[in-house]
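Please read it alongside the coordinates.

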Amino acid sequence: MRTLILSHESTIHKRMSDSIDYFGGNDAIFRNKDLLQVKYLPDEDRIIGRNEQLNDLGSSLRPALKGQTPNHVLIYGKTGTGKSLCSKFMARQLKTRAAADDVRVGTAYVDCFQDSTETQAVKSIAIQLNDDAGGELRIPAAGLSTGDYYRKLWTVVDDYYDVVIVILDEIDKLDGDNVLMQLSRAVESGKLTSSTLGVIGISNKIQYKDTLNERVKSSLSEREFVFPPYDANQLRAILESRQDAFRDGALSDAVPPRVAALAAREHGDARKAIDILRFAGEIAEDAGDSVVREAHVNKAHEREEQNRVADLISKSTPHSRFVLIALANIVQQRGDDEAWVPTNDIYDVYRTVCKGDGAEPLKKRRIRDILSELEFLSIIDQDLRGKGQGQGNYMVNRLSEVKPTIVIKACADAD
Ligand SMILES: Nc1ncnc2c1ncn2[C@@H]1O[C@H](COP(=O)(O)OP(=O)(O)OP(=O)(O)O)[C@@H](O)[C@H]1O
Ligand SMILES: [Mg+2]
């Protein structure tokens with residue numbers, strides 16, 4: 001019996017090793033693909049063209065080096081302009097520099113899209129800081145009230161740190177501004193007694209600040225910075241500084257400039273550039289090729305566009321999606337992917353879309369705001385047209401280098 005099993009096992013074994021390699025065998029392309037992942041935090045020498053922004057951040061946070069309260073900072077900028085990267089990088093630098101002077105700096109990073117409620121955000125900050133300090137306090141992952149999590153947080157900060165920097169990324173996704181109120185006023189309200197705390201808020205919604213109540217607004221926006229898009233040369237340098245993700249000779253010379261030019265077309269978006277490069281490598285890998293060429297880049301661009309739009313749309317509000325569906329439908333009907341559509345026409349179709357969804361349409365003024373947010377996110381383009389002699393102006397909109405079918409599908413998937 002035993003021999004039988006053994007021989008049966010060895011046949012299976014043999015068959016598997018003779019069969020197709022399901023894991024793929026082409027490792028001619030990448031040497032270290034991690035360098036092209038968004039979560040990879042590059043060293044200083046790989047951060048291109050952000051000296052001014054890093055200096056601004058550095059001077060805002062400098063008091064923390066001496067254990068004093070840093071300025072709260074708000075960072076704005078379009079997608080892929082290095083906001084998250086530079087904030088995380090500076091937080092890490094600060095920690096290292098301060099440690100050399102025996103100042104205990106703690107940092108916590110919250111992705112407010114993931115942790116959008118007050119409780120989730122406070123819990124996440126408390127747990128990160130506690131873990132970093134060796135986890136002496138017991139902070140359960142569930143079961144405490146919001147107030148209890150705040151109390152844990154103040155204890156951790158006071159007990160283990162001199163200064164804490166909290167990065168609230170995608171801050172506009174936070175539900176309400178109570179977290180900001182508590183954090184930005186933790187010292188003056190006496191919640192923290194021996195330590196201090198600074199907030200870095202990051203958003204790609206330029207109108208974000210207008211939604212805050214006056215007290216939060218005045219304490220939070222001590223320093224505001226806008227990160228500009230990269231130009232094609234900077235994007236190219238960013239890509240070239242990550243070339244060692246590829247094996248020698250696996251990247252054709254024409255590829256980085258081509259990718260940089262594509263990524264600079266709407267606004268200079270480094271995430272887009274890096275994603276296209278990674279996708280191009282994967283497409284070459286899947287095709288069994290040993291060199292990444294321009295043809296792979298074109299396919300990669302298409303894939304990146306779909307991903308980016310799907311990602312932005314999945315994070316947008318239902319009414320932004322209704323507006324996009326309206327625009328995409330009009331564009332599709334006209335049979336011209338680049339057709340310009342007046343805001344009034346979009347508004348009419350938008351109302352129908354709302355009706356179909358059982359939602360109450362928003363006022364036209366809100367739709368104008370939504371369209372300008374979508375423009376800032378580079379999903380649409382806008383242009384102001386004159387009606388002719390003294391007749392005033394009107395806005396026209398079009399999808400920005402993205403096909404209406406992709407938009408409609410992404411909106412349907414996001415529901
Ligand atoms: N100056 C730079 N030098 C090198 N790499 C960069 C630079 N700026 C951004 N990157 C890289 O581009 C990608 C996107 O950057 P980052 O996540 O900081 O963008 P962001 O401004 O936070 O965008 P979003 O608003 O979409 O969150 C990351 O992989 C990052 O490492
Ligand atoms: Mg970011």
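Predicted model: local features only at pLDDT ≥ 70, side-chain atom pairs only at ≥ 80, totals over all residues.

1. Residues are numbered from 1 along each chain as written, chains are lettered from A and ligands numbered from 1 in the order written, and side-chain values use heavy atoms, without hydrogens or water.

2. The shell around ligand 1 (residues with a heavy atom within 4 Å) holds 20 residues, of which I48, K83, S84, Y230 and R271 come nearest. Domain 1 (50-227) and domain 2 (230-315) both contribute to this shell, so ligand 1 lies between them; the bounds come from an automatic or database domain assignment.

3. Polar contacts are pairs of N or O atoms within 3.5 Å. The side chain of K83 has an N or O atom 2.6 Å from an oxygen atom of ligand 1, and a polar side-chain atom of N204 is 3.2 Å from an oxygen atom of ligand 1. The protein covers 95% of the 630 Å² of accessible area (Shrake-Rupley, 1.4 Å probe) that ligand 1 has on its own.

4. An unreviewed UniProt entry annotates residues 324-411 as "domain: Cdc6 C-terminal"; such annotations may be inferred rather than shown by experiment. The span is 53% helix and 18% strand (DSSP runs of H or I, at least four residues, and of E, at least two), and its end C-alpha atoms lie 8 Å apart.

5. Three strands form an open antiparallel sheet in the order β6-β8-β7, where pairing requires at least two DSSP bridges. Seven bridges join β7 to β8 (residues 393-399).

Notes:
Polar contact = N/O pair within 3.5 Å; in protein donor to acceptor, adjacent residues only side chain to side chain.
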